[in-house]
Every structure is written in C-alpha cells, then in structure tokens.
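Come along as I look things up, one entry at a time.

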Amino acid sequence: MRVAIVSESFLPTVNGVTNSVRKVLDYLSAHGHQAIVICPAAGAPSTYGGFRVHSVPALAYRQFPVGLPNPQVHRLLSGFQPDVVHAAAPFMLGAQAIASANRLGIPTVAIFQTDVAGYARRNHLGPATKLAWRIVRWIHDGAQLTLAPSSTAMSDLQEIGLTRLQRWGRGVDLTMYHPAKKLSWATVKLRKRLAPQGEVVVGYVGRIAPEKQVERLRALHGLTGVRVVIVGDGPAVPSVTRALAGIPVTWLGKLSGEDLATAYAACDVFVHTGTEETFGQTIQEAHSAGLPVVAPRSGGPIDLVDHGTNGFLYEPDNEDQLRAYVEALTIDRELRTRMGEAGRRAVLGKSWDGVCTQLLHHYDATIAAFSADTAHSLVLKTQRGEKLPR
C-alpha cells in the first residue's frame, strides 16, 4: 500500500501527534508498505524509516510550527499517487491535503487528535469555540473517514454533525514501559536521587503548556512523605514553578526512550492534569509501567482510567478531590500495587503493532468504500448522459 501522511507536526517537535505518526511509519516500514511524509518546515529530517519527508513553509505560533497551504502539497500527492492520504490532526496543512486528495480522486482518513475547540473554551473565547467546531467540521467533512481516539471525542464529533466516524485509539510500548524496570540499576539510582528518604514519588509526564494545567499539582502542597517529579518542558514552566513553590519538586526536563521509561519506573503514582486530552497517551504509558493513575474525569482519560480499579478520576475543578486521591495512594502501598497491576492488565492488548494493524483495516475499508462510491457516481453520470472524466 502507498500511504501519504500529512501531519501538522513532526520531528524535531515531540508531542502526541508526532509520536503517533512515527509509530505508524515504523509499522508501514516493517510491513513493506510505501509512504511519504508532508509536514511543516521546522527542522524535520529528510527521511524517516526509509521514507522521504517533505517540509512545506510554516510559521511559528506559541513555539509550535503551523504548516501553511502551499502548491507543493498538491504536486507531492499527485506525484506520489498514494492509495490513501492519512491526515494527522488536520488543520491548515491537513485541510489543503484533504482538498487536494479529493481533486485527485484519492481517499482520505483524518485523525482527530487535537481539541482545538477545547482550547478556545478554556481561554473564554466565547464565539470562538463555535467557530472552532465549525472549522473542525469543515475540515473533517472532506475526509472519507475520521478516526476519533475516545468516546468523548466521538460524541463531540457526532454532535457537530459528522457521520463517517470510527474509533481508533493509540498503542503503547509494552516492553519499554514495564513494571520490571523498577528493579533496574538506572531506576534504583534515580529513585535515590528523587526520594533519598524513601518518600513516595508522584510523577507527571507531558508538555508544560497552559492547556496541560500542570499547576493543578499545587493541590499536593503539604502532603507528608511525598516528592513530585515532572518530566517535560514547555512555555508554562515559569508559571508552574511559581504555582508549586514550597512543594519538593524535581524537574527532569524532556526525556525519551530508556530515560523516559526509567522515569516512569521511578514513580509510585502518576497524575494527569489536563482536561482537554482527546486521548491521554501518557496514561497508557504509566499503566504499562504498572502505576496507578489519578486523572480528571474529562476527555480521553474517561476511557483509560477505570475509577477505583486502576486509578481514580477526579472532577476537573475539584483540586481537593485530586489531593485526596493522591493521598490515599501515597499512604496505602497495597492499594498502589493492586491498581498498578490492574493498569498493566488494561493495556496488554494495546501494542502498537495491533493498533496499527487496525489502522490498515480502516485504510482498506476506506479505499474500498471510496472505489464503490466512485463507480456508482460514474454509473449515474452515464445514465444521465453526462460527460465522464478522462
């Protein structure tokens, strides 16, 4: 199969969109498919996994590169002639790719991954929230299929009138993030640094940005025998630092690979703070590492955290509840162990290989449906005596 992936984000920018695209490319490469990547110009490599990466002009918005519509997109799709276009978190660049694919007679699968409307709502932009949803509908209406990562995202998209929808979650590296890593030399060394007196380590992993609401960790102020570790970087570091003044916090910065896996393994409890996650990949990683998770009852986490079984869900505006759940886990080792084991069991069927196999099935079904629709349209045109395209 020939797949053109048009992504609003790619390396060196690291986020959920980039990580998902990389996993899909790894799968396509390993299974003998052909692909290209089209992404914003922001220092991306020229190749990835043996596939060409094409960068198009972009502008920076809050440290994030935004791809601009460019004739190059249409030329690249026309030249590559993919069987399907995969639009990852489509916005300006993805919208152009979907429109070009429709003109070229190529089916498209759009991945809904960024809650743009949620950002507008959080910033009290009022009418901008409705406008954001209209833009989302306009973009995704052009695709033959939209894949939503969670039940909340599905409901939101159905509410704005989209009908060609399916669920597609995300995979997790079950080997990289594994409870056995708690026994590794690297983890033991890091634990001694983070909790020299044997304190309970409460961790957060993710981008430090306004929409992630990491400031919520201030609710942990005054908990005895607790150390907080934050993995990540971003524009909100100064405000989060101020909010957490007086709490014993260790900042590990941006980590990846084995270093990130070691950081998870060094934690005892994982806290997720953002209320606008369409999925919540770090929750899956924490569960894979055998950690209980405390997360807001909002968006993607609702599907990932089974309240009372592998973690707790707190009401988004109730920081007292967040504190109470974390405190319950910090004082009860048996509860932490039981919930951590349940979290691991919950993700055992979610390897990236399995999840990407599901994606290929979505590709195949979309291609088949598009071909049938095209054939039916030609029959109708013939019956009406209309001139057929060459």
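Before anything else, a note on terms: a helix here is a DSSP run of H or I with at least four residues, and helices are numbered from the N terminus. I also noted that I am working with a predicted model.

**Entry: the pocket.** I went to the second largest pocket and asked which helix gives the most to its lining. I found helix H13, residues 333-347, which contributes six residues. The lining has 18 residues in total, and I marked Lys182, Asp268, Arg333, Arg336 and Thr337 as the ones nearest the pocket's centre. Sorting the lining by class, I got eight charged, six nonpolar and four polar residues. For the space in this pocket, I wrote down about 410 Å³.

**Entry: the sheet.** Next I traced an open sheet of eight strands with mixed pairing. I read its order as E3-E4-E2-E1-E7-E8-E9-E10. At the edges I found E3 (47-48) and E10 (165-167), each of which pairs on one side only.

Entry: I picked E1 (residues 2-7) and E7 (residues 84-88) and looked up their sense: parallel or antiparallel? They pair in the parallel sense, over five bridges.

Entry: I then looked at helix H1 (residues 16-30), which lies across E1, E2, E3, E4 and E7. Its direction is at about 170 degrees to E1. Helix H3 (residues 92-104) lies across E1, E2, E4, E7 and E8, and I noted about 145 degrees for H3 relative to E1.

Methods. Residues are numbered from 1 along each chain as its sequence is written. This is a predicted model: local features need pLDDT of at least 70, side-chain atom pairs count only at pLDDT 80 or more; totals for chains, interfaces and linings use all residues. Side-chain values use heavy atoms; hydrogens and water are left out. Two strands pair if DSSP finds at least two bridges between them. Helices (H or I, at least four residues) and strands (E, at least two) are DSSP runs, numbered from the N terminus. Contact means heavy atoms within 4.5 Å. Axes are lines fitted to C-alpha atoms, for helices over the stretch in contact, and angles run from 0 to 180 degrees between N-to-C directions. On a 1 Å grid over the protein atoms alone, a cavity is a set of points where a 1.4 Å probe fits but cannot get out, and a pocket is an open set with protein on both sides within 12 Å along at least five of seven lines; lining residues have an atom within 4 Å of a point. Grid points are joined across faces, edges and corners, and a volume is the space filled by probe spheres set on the points. Ala, Val, Leu, Ile, Met, Phe, Trp, Tyr, Cys and Pro count as nonpolar, Asp, Glu, Lys and Arg as charged, and the others, Gly among them, as polar.
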